[in-house]
Amino acid sequence: MKSRVIKIVSSLAIGIGITLAPASSYAATPKTMKVHYIDVGQGDSLYIKAPNGEDILIDGGNKGKGNAVVSYLKKQKVDDIEVLISTHPDADHIGGLDEVINAFKVENVYAPKVSNNTQAYKDFLNAVKKKRLTIKTAQAGVKLPVKEVNAQIVGPTKTYANSDLNDWSAVVHMAYKKNTFLFTGDAETKAEADMIKAKKTLRADVLKVGHHGAKTSTSKNFLDAVKPKYAVISVGKNSYGHPTSQVVNLLKNSKASILRTDQSGTVIITGDGTSYSIKKSR
């Protein structure tokens, strides 16, 4: 009886011109690249959901912010992290990464070949060792394992003095179709000039502004090379004067739309391959 009912329904559908297509033939949800500039106060932490599903984390905020980053990632349904990048050993970037590594399965860890003697750096190394992971060197020319995205490290292009930790910052460029993003860590003007001289891919619609808007980063020459449409400053309450009026004015003169985590909270920029949409948490 059941098969007869199905035949009758099918006959009626054909009779009135309706095609019964299998569910798999319906249009799939369009793929996007979603970048979360997490509000961790005075520090950096960026979570990227790649169009093919990979989870990428760049930095983990200051010591004491790890639990907040872990909580945020869990709210985004992250179960494992394909790529984790420590841009450099400063505590406001590396401080929360040990808690992230302890909380998730991590497949690939990248960091520049420079060390620090802080507790935050030691905790990061211990977490990596505990999970039996190997740190891959973050340097210009390294390709990241992200499907459908041209993801590459474009800096540092050379070695610097151990005292110049900011210039050691891993600088990452990502392109998904026509969407382009540049993540700069705390790279300062010396490293910026070296990347320009080495003819690295810097052009990007969305720029994560270097060193929280400090005047030692984001030179005019660098902005001329990047030509950003959007500039995101990850910054919190601080005594350094970040972001400086010098950098803010340079960004305004470059016609970039400025987004600040101290004003907008977590900023999420979604690219569909051609255009962008922006969401703020406050």
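Trainee: What volume does the largest cavity have?

Mentor: In this predicted model, the largest cavity has a volume of about 40 Å³, and a search of the whole structure, counting cavities of 30 Å³ or more, finds 1.

Trainee: What makes this space a cavity, and which residues line the largest cavity?

Mentor: The term cavity applies because a 1.4 Å probe fits at its points but cannot get out. Its lining is made up of Tyr 37, Ile 38, Asp 44, Ser 45, Leu 46, Lys 208, Ser 234 and Thr 261, and by class these comprise 3 nonpolar, 3 polar and 2 charged residues.

Trainee: Why is Thr 244 called buried?

Mentor: The relative accessible area of Thr 244 is 15%, and since buried means under 20%, Thr 244 is therefore counted as buried. Thr 244 lies in the loop between strand S11 (230–233) and helix H8 (245–253), and, leaving aside residues up to four places away in sequence, Thr 244 touches Gly 213, Ala 214 and Lys 215.

Trainee: Why does His 211 count as buried?

Mentor: The reasoning is set against the cut-off of under 20%: His 211 has 14% relative accessibility, so His 211 counts as buried. His 211 is found in the loop between strand S10 (206–208) and helix H7 (220–226), where, not counting residues up to four places away in sequence, His 211 touches Asn 166, Gly 185, Asp 186, Glu 188, Thr 216, Ser 217 and His 242.

Trainee: How do you know that the span of helix H5 agrees with what its residues should give?

Mentor: Helix H5 covers residues 119–130, and at 1.5 Å a residue its 12 residues should span 16 Å, the expected value being 1.5 Å times one less than the number of residues. The end C-alpha atoms of H5 are 16 Å apart, so the two values agree.

Trainee: Which residues of H5 are buried, and how do you know that they line one face of the helix?

Mentor: The buried residues in H5 are Ala 120, Tyr 121, Asp 123, Phe 124, Ala 127 and Val 128. Seen down the axis of H5, these buried residues fall within an arc of 160°, and therefore they line one face of the helix. They pack against strand S4 (80–85), helix H3 (91–94), helix H4 (97–103), strand S5 (105–111) and strand S6 (135–137).

Trainee: Which exposed residues does the face of H5 turned away from its buried side carry?

Mentor: That face carries Lys 129 and Lys 130, where exposed stands for a relative accessible area over 50%. Just after H5, Arg 132 takes a positive phi of about 60°.

Methods
Residues are numbered from 1 along each chain as its sequence is written. This is a predicted model: local features need pLDDT of at least 70, side-chain atom pairs count only at pLDDT 80 or more; totals for chains, interfaces and linings use all residues. Side-chain values use heavy atoms; hydrogens and water are left out. Helices (H or I, at least four residues) and strands (E, at least two) are DSSP runs, numbered from the N terminus. Buried means under 20% relative accessible area, exposed over 50%, partly exposed in between (1.4 Å probe, protein chains only). Contact means heavy atoms within 4.5 Å. The arc is that of the directions from the helix axis to the C-beta atoms. On a 1 Å grid over the protein atoms alone, a cavity is a set of points where a 1.4 Å probe fits but cannot get out, and a pocket is an open set with protein on both sides within 12 Å along at least five of seven lines; lining residues have an atom within 4 Å of a point. Grid points are joined across faces, edges and corners, and a volume is the space filled by probe spheres set on the points. Ala, Val, Leu, Ile, Met, Phe, Trp, Tyr, Cys and Pro count as nonpolar, Asp, Glu, Lys and Arg as charged, and the others, Gly among them, as polar.
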